[in-house]
Amino acid sequence: MMFEGKRQKVKGKRKDRRKALFIVFCIWFFMGWTQGEAEEWQIAVPDYEWSFPQDHWAREGYKTEWWYFTGHLKSENGREFGYQFTFFRVGLLPTKPDLDSDWAANNLIMGHAAISDLETGQHYFSESIHRVTPLLGGFGVYPDTLLAWSRGPVGTQDRWLLRWNGDAFDFSAVDAGKDMRIDLRTRPKKSLIFQGPKGYSKKGVGESAASQYYSFTRLETEGSVTVAGETFDVVGESWMDKEFGSNQLDENQVGWDWFSLQLDDGREVMLYVLRDKTNAVDYARGTIVLVDGQTQYLKRDEFEIQETGSWTSPETDAIYPAGWIIKVGDEILTVQSEMKNQENQAELVGTLFYWEGAVRVLRAGKKVGRGYVELTGYGAGSVPGL
Amino acid sequence: MVRYFLKAMGAHFKAGRMLFVLTVFGVALGVASVLSIQIINQNALAAFEGSMQAVSGDADLSVLGRMPTLPESLYVDVIGDVGVAAAWPLYRVSVALADRERFYLEVIGFDFFAPVRVPWDGGRPGDFSDVLARPGWAAFTPTLANEMGWAVGDSVKIYSGSRAVWLQIGALVDFQKLSPLASPKVVVMDIAQAQHLLGRSGHVHQIDIRVKDGVDVNGVRDRLQEKLGVSVQVVTPEQRSRQTEGLISAFRLNLTALSLISLFVGLFLVYSSTQASLVRRRAEFGMLRSIGTTRRQVFGLIVGEVVVVGSLGVVLGLVLGYWGAKANVDVVSSTLTNLYLLEEISTLQLSPWLFGVAGLIGVGGAVLGALLPAVDMSRRDTRSLLSAFTLHEKIGSFAPHLCGIGLGVFVVVGVWFLLGGWQWQHAGFVLAVGLLTGLPLLTPMAIHVLTRGIQIRSFGLAYSLKSVGARLQTTAFAVAALAIAVSMLVGITLMIGSFRETLNVWIRTTVVADVYVTPSSWRGQGDEAFLENDLIQAMRNFDGVRAMDQLRGFLVYSNDHRLALAGVDIGVPGGASRFTLLDGDFETAFEQVHKDGWVLIGETLARKQNLWVGDSVPIYVMDGVHEFQIAGVYYDYNAQGGAVVLDLKTVEKYWGPGSINSVALYLEPGVDTEVMVDALKAEFETSAMDIRSNKRLRDEAMMIFDQTFAVTRLLQGISLLIAVCGIALMLLVLAREQVSELALYRAIGATRRQVFGLFVGKGLGMGLLGLVMGVVGGIALAMVLIFVINRAYFGWTIQVYWPWGALVEQMVTILGVSVLASLYPALKASKTPATELGRDDV
């Protein structure tokens, strides 16, 4: 079976639980692709009328939405970290059922947070998932500064928060059980840009296979991270993606490779490649953000990505690419992962595992930038991350 | 020897089929009576545990309210604890199926999106939009759907309180696959829909918790208990089981005690059967001994045969016991749900240890019964075995000694009880055991005394009775067995009759309003089903209604004891007679309850906790524990361990606002109650309410009472059957024992009819003697049950009433059955030819 988990190493009761949870997770992840409910949900359109800052807040009516932060941080004593912080809104119904109960909900809120300690090579991952209720989590309404919040993972007293600070975003995530915490504040170094013309980002040939997508490609970042119980004050740069839509993936697509690269010369590159069941490229697009913030949108034939190595996850047996050569026009960039093991293994949702990791960018053997890469749909039974 | 044993067994079976069948049947009945009760007893608790397993799965802890519900906001505190791996809230409602009498479903409202594994995982649907938004979407069990002829997509009308709600069958999920003891009546739906359609928002009934691997469960429990406060209890599954076990312990113990009495009687039968078998084979043993068989071999033969008979009895007893349990599980189940609001017993499971118990009772009992006679028989010399014989020759001369021992037992037990034994909760059972042990010991002497004065004028009934006395060695056992059975029968009949009448009088005194209205899904005291406010208002203003009393009832905790709390309009005009006080001044008490927030407590609670007027009772309230002053103690027949009555205003003060569970209407003078009931039913046709006149309410209360004691009646029947089998067996022994004597009668001219009459007379005589002994024992047993056991376990005051009709009916039945039981032995005896007269006998 396509979605059957392959995590043989999990044991006994936990395995059973995961199996059950996995079913649930699969169902709601694939709900949009299998049930043809698009007529009820709003779909991404090329002429979407953007309105900022309101569009930073949740756009109810679309099935999926996320706020995705990745970046590189450095402590005062030079210790380097990569991080990821994401809030997903998973739409269950376009509108909230009219029930006299606080549990009446039409959304789930899911949080993923990860820290890659580049010095020790340790990768930490935490997650939370809750039904949107006044007790467990929710999404703010403009002009309230709160964009999204949720209870932390079970076993953690504190909340996970995402706020609009007037210029960009502040966010925090904590996992008491894993002794990890992210608490960061950001400020834009470059303005918001649209990914795809007017923020319309195609993901396939189908009419509805698209999302509304914008990014802050360079956010000055400061705050603290805690790993293994040790807290570090950090500064660095982040990349933020906000995306929302319904049914953006085609049925035959099983995963994607996504790159966000910040080059030292002030430019940024975003590329994504959607793979089909044969692992061949099904659809691909990209954006180059120039130093002055101008964007150049790339079609599939305007760039080329070649894998140069691989890494096999000892936990999931998934074989991920571990290096790439990217050709865009005349430019040839080499991308290498900072650490091999940056795989996120979701425990709350059975076989959801993906690689989300810090990378460095080289040109002719010289480091010219850094970035983050997301690899989903690798390994038998892996379910693509959103 | 083994070959001989096998061949001899076969030959004896052919020669005395009736005796063999009776013996096996006797053992089987003894085994079955104990077994059936044990199966039911065990499954009563298993039903609770099964239901707990079905609902909570492998949860390590559960947070339960000390009131029916707890604020759902506590869930946040639970999931914030560092030792918690997963937690999920449950909203649980008992609803009644419309159009079916007392057919309840347990609806579990669950967060379908909680990332946890729960027993009803399969109930998670493919299309979540239905779960969330399709009104009434619910997952049912295929078992229930098949039984009711439902399919996915069908709508099912249910009553939740006074609301009529339609549930939609969204999925069929076999929860029993995951938890075999789960009730097929479990229905799972999304928590939001459950709160909206069936209850209220902001509250849940429990929060289940799975603790992280390697973390100390008790540590998490203690921490959560401290964090969540005293208004909830954090308990392990074992603690929940123990609480339930404690709740129904008195009920189970009573059943067990009754089954043990059946066993006691059954052992008599086993013993009698062994005697009968030995009598038949006496000459054979003589022959064997004379041709060189050793005493040990004879002993082995006897015990071997008893083991075979016992084993057959066990096999049959297992079947009968299971059948008995199955036939009675419904009534016990109803009692559990009516009185204790527990889960129904939907499936019966046999634990392996029950087979062991059955084997021990059957084979062990038989061997025990045969041991002494076997030793005796193996020790006799050949001549004595081959000559005309009697068993228990010494019983006649031992009668006074046995009587002395019996009286000694009474005295010792009686003195022990009076000198302080009464303080022990189980003292009543010691008295009962003493009574049932002493009674058989008195029997030989009693028979001797009762038959001594009989003058024989002809070969008729008097002769029969006299010969019962003369053949004490054999008849005493059968009479003693019958006396025990009759004691039990009379004792329980007298107790139940008295209890029934006491309850009847109590109900007539306390059910004083004219019309009673409850929500259709209300199962009994403590159930949460409520009436909606607009309905209550409409009834209050209904033409012909003079006054209305409201009841808000729920279960609360006093220390670790569960109490049924009732908030009533204590000041309602004419309503004071609802409570008959056992302790406390009538007028002062009601004033204190009305104005000062004091409480009335039920007798059950008073006796169990030794709380009386002037004391206070600590009860968990919203934010802690409050000591409520006791204004009075009222007569109460609550089974749940205690009841307290407060004024509604006091309830609201300490437990916050809540819904009314039932109302009682007092009508204007001259308004006909039944007409009013019809008018109310017509007016509130669409609401799910049961509207009853006071007469119907009383009748229903008595019906539930009768149902509760149905199992007891079954046990009575089994005991009686065992005793009657005993009589038949003993008469068969007599027929065999007296072959020479009967042949002599025939030789000197007695007709077959006369010999037949003699034996029927003996049966009747034994029946009469057993009856006399049994009635005396039964009355004593009833007094122990009424004044000691019931008070100690339930705290009920029962007045003694004599159910003459039932008692006379039973006496006549016993005598009739004794005669019937003697027909076959009489027929056998009457066929004894004069040629059986041996040379030794002349």
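A nonpolar core is a set of buried Ala, Val, Leu, Ile, Met, Phe, Trp, Tyr and Cys residues joined through C-beta atoms within 7 Å. Buried means that 20 or more other C-beta atoms lie within 10 Å of a residue's own, with C-beta atoms placed from the backbone.

This is a predicted model, where local features need pLDDT of at least 70, side-chain atom pairs count only at pLDDT 80 or more, and totals for chains, interfaces and linings use all residues. Residues are numbered from 1 along each chain as written, and chains are lettered from A in the order in which they are written.

Of the 842 residues of chain B, 51% count as buried. Chain B has 27 helices and 21 strands; these are DSSP runs, H or I of at least four residues for helices and E of at least two for strands, numbered from the N terminus.

The largest nonpolar core has 302 residues, and B:A87 is among those with the most contacts inside it. Helix 2 of chain B, residues 17-56, gives the most to this core: 21 residues. What does B:A87 touch, leaving out residues up to four places away in sequence? The list includes A:V154, B:Y75 and B:I207, a contact being two C-beta atoms within 7 Å. A second, separate core has 36 residues, including B:F579 and B:F628.

Last, the helix pair. In chain B, the axes of helix 26 (residues 752-793) and helix 27 (residues 804-830) come within 7 Å and cross at roughly 145 degrees. Axes are lines fitted to C-alpha atoms over the stretch in contact, and angles run from 0 to 180 degrees between N-to-C directions.

Terms used:
A residue is buried if 20 or more other C-beta atoms lie within 10 Å of its own, exposed if 12 or fewer, and partly exposed in between; C-beta atoms are placed from the backbone.
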